[in-house]
Amino acid sequence: MAVAVRGSRGGGGSGIGGLSFRSFFSYRIFVSAMFSLLFIATLSVLLTTNPSTPQHDSTLPTTGNAYVHRTFLALKSDPLKTKLDLIHKQASDHITLVNAYAAYARKLKLEISRQLRMFDDLAQTFSDLQMKPTYRASLFESDGPVDEDILRQFEKEVKDRVKTARLMIAEAKENYDNQLKIQKLKDTIFAVNELLIKAKKNGASASLISAKSIPKSLHCLAMRLVEERISHPEKYREEVSKPEFEDPSLYHYAIFSDNVIAVSVVVRSVVKNAQEPWKHVFHVVTDRMNLAAMKVWFKMRPVEGGAHVEVKAVEDYTFLNSSYVPVLRQFESSKLQRSYFENQAENATKEANNMKFGNPKYESMLSHLRFYLPEIYPKLHKILYLDDDVVVQKDLTPLWKIDLDGKVNGAVETCFGSFHRFARYLNFSHPLIRERFNPKACAWAYGMNIFDLDAWRFEKCTEQYHNWQNLNEERTLWKLDTLPPGLITFYSTTKSLDKSWHVLGLGYNPSISMDEINNAAVIHYNGNMKPWLDIAMNQYKNLWTKYVDNDMEFVQMCNFGL
């Protein structure tokens with residue numbers, strides 16, 4: 001009995017669990033079957049739908065339901081239609097690309113009109129190809145299967161046009177790709193700039209060689225004058241000094257040069273424009289080599305109007321020796337000579353502005369005589385310093401009447417904007433220069449300077465010049481030149497004159513206004529293109545040549561080429 005009861009319980013529990021499991025299993029089978037039927041029904045509807053014949057536009061739908069729709073169509077349709085769609089899409093893409101380049105070509109207008117016509121013709125060719133009756137009837141408007149031979153022919157023509165389009169686009173891309181154009185332009189600018197720098201260096205070097213060399217005609221003139229002195233010594237005996245040479249009431253000029261023809265032009269231009277030429281005294285100082293030629297010239301061609309000319313050699317001033325003059329002592333040192341030649345080699349690779357430091361005239365004592373005017377002319381109160389490459393166009397006597405307000409030097413300033421400031425001439429990285437001077441201070445020009453010699457003596461300017469020259473023995477304050485020590489020596493003792501007194505640049509600047517030149521009292525051929533050289537600028541040369549004494553027989557004999 002007990003066993004029967006246990007067995008009955010156990011059997012009853014097992015029946016209930018089996019019934020529940022079978023019910024759950026049957027439910028899952030039912031759900032799965034329903035989803036399967038639904039999926040099959042959906043698939044059947046999609047596959048049995050007949051879409052209308054596709055219209056082939058220039059672009060094909062590639063996103064969303066349209067893409068899925070065409071994908072299912074491709075599964076059931078003729079595979080050649082799929083290939084046709086791909087060919088048509090390739091043609092449409094290239095039509096779009098060609099039209100884009102054609103639009104850009106229109107913006108460039110006439111410059112590439114030929115390419116514009118080619119792009120337009122190519123786009124039209126693509127369109128005409130699809131509109132051909134054979135292709136349109138067999139490929140695009142037919143509901144039946146695609147003719148493989150016609151499709152192959154269509155594909156060949158499309159590929160030919162695509163190839164042509166790609167070649168045209170590759171050729172035009174250099175013109176239309178802005179980034180590429182910018183890079184090519186930068187490369188071109190860089191290359192041209194390199195050529196320009198090289199040309200400037202070569203031009204500056206050639207110009208410097210011309211400026212340093214003595215023209216054949218000038219050498220001939222000096223030789224003829226010396227020959228005249230040797231042939232007729234009785235005519236050129238030493239003359240006693242005239243009282244006018246030391247008369248402070250007269251108008252005195254200082255000209256330091258070894259160029260006979262240049263000095264004669266300066267003196268002649270002053271005298272011809274002077275209202276009272278007999279009151280003008282010219283102190284010409286040259287080197288011993290050119291002393292005879294200079295004296296013979298002014299003996300053979302006396303100055304007109306009763307003006308007075310004194311010609312002396314720098315060696316006549318015996319106090320100018322290396323024990324007194326720092327620059328002479330430095331010239332004699334081997335260190336400076338080595339520095340000079342090293343500077344020449346260095347400047348060969350630098351800008352044109354530095355090339356002048358290779359000019360040997362800056363190692364000539366004639367260039368530094370300007371710092372010893374009170375000692376050379378101890379009895380004078382004022383003196384006008386003139387370079388040998390100037391031409392005087394007006395009477396200069398009003399310069400002696402200008403009140404210099406106790407200043408030593410009356411000069412025309414040359415700065416404009418940031419140009420020709422002290423920073424250009426002096427080394428402001430050196431503490432001595434940086435502490436004493438303003439880098440933005442305006443520079444002035446040598447070439448026409450009125451000096452108050454009494455104020456010079458009071459300010460002890462020569463002593464200041466000596467001090468700075470001694471400090472610059474290593475060339476750390478400025479390079480070889482005479483303007484930087486002048487700027488330092490007369491830093492606070494220079495009075496600015498009106499610019500019409502002195503116009504500069506005729507030896508390097510072709511853009512000076514003729515009105516400015518004609519209104520100037522003094523014009524200055526500073527630069528390498530001196531008026532007596534073949535490299536002189538033609539537009540300015542006649543302003544100098546009209547004062548050359550062409551009646552002088554030696555000038556004619558030496559074929560000056562004026």
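Modeller: Start with one cut-off. A residue is called buried under 20% relative accessible area, exposed over 50%, and partly exposed in between. Keep in mind that this is a predicted model.

Now try it on Lys279. Its relative accessible area is 29%. Lys279 has a partner. Its side chain meets that of Glu276 in a salt bridge, at 3.3 Å from N to O. Glu276 is partly exposed too, because its relative accessible area is 30%.

Next, the strand β2, which covers residues 280-286. His280 belongs to this strand.

β1 and β2 run parallel, and 6 bridges join them. Within this pairing, His252 stands opposite Val281 of β2. Here is the general idea behind such pairs. Strands of a sheet pair through backbone hydrogen bonds, and the pairing can be parallel or antiparallel.

How much of β1 is covered? The strand is mostly covered, with 6 of its 6 residues buried. Look at the directions of the side chains. Tyr251, Tyr253 and Ile255 point one way. His252, Ala254 and Phe256 point the other way. Both sets are buried.

Move on to helix α9, residues 260-273. The helix has 14 residues and reaches 20 Å from its first C-alpha to its last. That is close to the 20 Å expected at 1.5 Å a residue. At the start of α9 sits a contact from Asn259. A side-chain oxygen of Asn259 reaches to within 3.3 Å of the backbone nitrogen of Ile261.

Why is α9 described as largely enclosed? Of its 14 residues, 12 are buried, so the rest of the structure largely encloses it. Among the buried ones are Val260, Ile261, Ala262 and Val263. Ser264, Arg268 and Ser269 are also on that list.

Though buried, it is part of a salt-bridge network with Lys272 and Glu304.

Stay with salt bridges for a moment. The count for the model comes to 12. One of them pairs Glu238 with Lys295, whose closest N and O atoms are 2.8 Å apart. This pair links distant parts of the chain, 57 residues apart. Glu238 is in the loop between α8 and β1, and Lys295 is in helix α10, residues 288-300. Glu238 counts as exposed because its relative accessibility is 61%. Lys295 counts as partly exposed, because its value is 28%.

Asp454 and Arg457 form a salt bridge with closest N and O atoms 3.0 Å apart. Both lie in helix α17, 3 residues apart, about one turn of the helix. An α-helix has 3.6 residues a turn, so residues three or four places apart point the same way. Asp454 counts as partly exposed because its relative accessibility is 38%. Arg457 is partly exposed as well, because its value is 31%.

Phe30, Met34 and Leu37 make a nonpolar surface patch of about 330 Å². Leu37 lies in helix α1, residues 2-48. It counts as exposed, because its relative accessibility is 54%.

Finish with another sheet. Three strands form an open sheet in the order β5-β10-β9, with mixed pairing. β5 and β9 stand at the edges with a single partner strand each, so one side of each has no neighbour in the sheet. β5 and β10 run antiparallel, joined by 3 bridges. There, Val391 has Ile523 of β10 as its bridge partner.

Key:
Residues are numbered from 1 along each chain as its sequence is written. This is a predicted model: local features need pLDDT of at least 70, side-chain atom pairs count only at pLDDT 80 or more; totals for chains, interfaces and linings use all residues. Side-chain values use heavy atoms; hydrogens and water are left out. Patches are made of residues with over 30% relative accessible area and no salt bridge: like charges are joined within 9 Å, nonpolar side chains (Val, Leu, Ile, Met, Phe, Trp, Tyr) within 5 Å. Accessible areas come from the Shrake-Rupley method with a 1.4 Å probe; for residues, only the protein chains shown count as cover. A salt bridge is a side-chain nitrogen of Lys or Arg within 4 Å of a carboxyl oxygen of Asp or Glu. Helices (H or I, at least four residues) and strands (E, at least two) are DSSP runs, numbered from the N terminus. Buried means under 20% relative accessible area, exposed over 50%, partly exposed in between (1.4 Å probe, protein chains only). Two strands pair if DSSP finds at least two bridges between them. The expected span of a helix is 1.5 Å times one less than its number of residues. A polar contact is a pair of N or O atoms within 3.5 Å; within protein, one must be able to donate a hydrogen and the other to accept it, and residues adjacent in sequence count only if both atoms are side-chain atoms.
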